[in-house]
Amino acid sequence: MAPGLPTAMDRPHFIGIGGAGMSGIAKILAQRGAKVAGSDAKESATAEALRALGATVHIGHAADHLASDATCVVVSSAIRADNPELARAAELGIPVVHRSDALARLMDGLRPIAVAGTHGKTTTTSMLAVSLSALGLNPSYAIGGDLDAPGSNALHGDGEIFVAEADESDRSFHKYAPEVAIVLNVELDHHANYASIDEIYESFETFAAKIVPGGTLVISADHEGARELTRRLPADVRVVTYGDAPDADVRVLSVIPQGLKSEVTVLLDGTELTFAVSVPGRHYAHNAVAALAAGAALGIPAAELAPAIASYTGVKRRLQLKGEEAGVQVVDSYAHHPTEMTADLEAMRAGAEGRILVVFQPHLFSRTQELAKEMGESLALADASIVLDIYPAREDPIPGVTSELIIEAARAAGADVTPVHDKAQVPSVVAGMAKPGDLVLTMGAGDVTDLGPEILTRLSK
């Protein structure tokens with residue numbers, strides 16, 4: 001049975017409660033019986049979902065939103081030091097807890113699976129959560145995106161397994177002590193927090209060292225960054241590799257595209273297993289194999305887990321089909337790093353009959369400064385692209401860093417690129433470009449996702 005509620009978190013207050021990571025923890029605490037409260041910058045479906053669980057959600061940040069009887073204030077790395085609720089917590093002497101510490105407490109007494117890597121965390125965590133649920137194991141889970149079914153990013157289950165996305169961006173994944181850890185890939189990203197790839201490796205080494213005695217690290221045998229990390233680990237870390245490589249412990253024998261799905265065959269412990277993955281692309285197939293290997297490491301029979309993975313139908317914003325109008329499909333992608341962009345574009349290319357048109361919104365000034373050339377080269381895989389201004393998220397502008405850097409790189413790579421500075425103009429621009437049979441891909445980690453329904457509405461006219 002799942003453990004009860006940590007006493008210090010029976011009346012938590014979340015600053016930024018609507019965020020993907022924060023809302024998941026808040027939902028689980030509410031489901032465990034906590035009196036949850038918090039604030040967020042704007043109204044959202046997430047805020048409504050939290051209210052439905054009994055949480056109090058304020059819109060906007062103000063000192064009086066924090067109740068004097070709160071037992072802790074939960075924050076993420078995105079919360080600025082001058083937040084008025086944070087200042088009020090200091091005045092009242094209320095402990096401030098980082099999101100990762102709160103999540104670590106929720107895992108106490110359970111069998112955690114922590115999913116890490118530069119790309120693919122949300123999808124792999126979701127595949128595990130859905131397949132374990134399909135087997136009746138009732139896991140708890142905290143994911144960085146909403147599942148298509150049941151439509152939430154978190155659940156308090158009464159089983160003994162807790163599946164969690166482990167974020168390396170701010171080193172917060174060092175707080176967890178998983179029984180099974182997954183590392184999908186290792187690349188330099190989050191340039192505001194990591195100065196070099198060696199710092200990234202050191203961070204992942206620390207994460208691997210947190211695995212409990214007798215636990216397992218499941219790691220890619222194909223990705224060079226993951227292979228380098230494996231070479232750096234102490235000999236006493238139990239490692240299970242997966243991938244195309246001939247020496248992989250769980251070897252991928254084939255990935256056969258089937259429209260917007262794939263059929264995957266693997267060799268595990270001398271036995272071939274074939275199962276379906278309900279999302280397109282080789283990278284998503286490999287995420288499914290990582291989930292399979294992790295479940296097997298936890299003692300779940302692979303022959304039972306493999307068919308259960310087919311019950312996964314996707315995560316919102318991970319190549320999510322938003323609809324079709326006038327013979328044009330609109331798909332939403334969360335890809336914001338060049339590796340992710342390339343993988344999603346290649347996946348779409350494999351299943352598309354017509355042209356691929358991309359609406360790309362760069363995410364973060366620091367990422368654009370470091371990776372503009374690679375982003376532009378990724379966009380050259382599309383037939384045509386619209387590039388928006390940079391979505392700043394938590395960052396302040398950097399002089400000279402604009403989306404023009406990406407546009408120049410894309411054109412140098414032979415891409416057809418149209419800059420659009422007014423996001424409201426995108427639906428009409430797309431409608432003027434698209435033809436029956438085309439596929440429109442809205443891409444980025446910001447609010448570009450909002451354009452999908454608007455594009456469909458414009459196409460219908």
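## Aromatic pairs

Rings of Phe, Tyr and Trp (its six-membered ring) count as a pair if their centres lie within 6.5 Å, with planes under 30 degrees apart called stacked, over 60 edge-to-face and the rest tilted. By that rule, the structure holds 2 aromatic pairs. Phe173 and Phe204 make an edge-to-face pair, because their planes sit at 85°, with ring centres 5.2 Å apart. This pair ties together distant parts of the chain: Phe173 is in the loop between strand 9 (161–165) and strand 10 (180–183), while Phe204 is in helix 6 (residues 197–209), 31 residues apart. Helices (H or I, at least four residues) and strands (E, at least two) are DSSP runs here, numbered from the N terminus.

What about burial, meaning under 20% relative accessible area, with exposed over 50% and partly exposed in between (1.4 Å probe, protein chains only)? Phe173 is buried at 0%, and Phe204 is buried too, at 1%. Phe173 also pairs with Phe207: the centres are 4.7 Å apart and the planes are at 10°, so this pair is stacked. Phe207 sits in helix 6, 34 residues from Phe173, and both of these residues are buried. Put together, ring pairs link Phe173, Phe204 and Phe207 into a cluster.

## About the model

This is a predicted model, where local features need pLDDT of at least 70 and side-chain atom pairs count only at pLDDT 80 or more, while totals for chains, interfaces and linings use all residues. Residues are numbered from 1 along each chain as its sequence is written, and side-chain values use heavy atoms, leaving out hydrogens and water.

## Strand 19 and its neighbours

Strand 19 (residues 384–387) is covered on both faces: Ala384 and Ile386 are buried on one side, Ser385 and Val387 on the other. Strands pair if DSSP finds at least two bridges between them. Strand 18 (residues 356–360) runs parallel to strand 19, joined by 4 bridges, and Val359 has Ile386 as its bridge partner. Strand 20 (residues 417–419) also pairs with strand 19 in the parallel sense, over 3 bridges, and here Ser385 is partnered with Val417.
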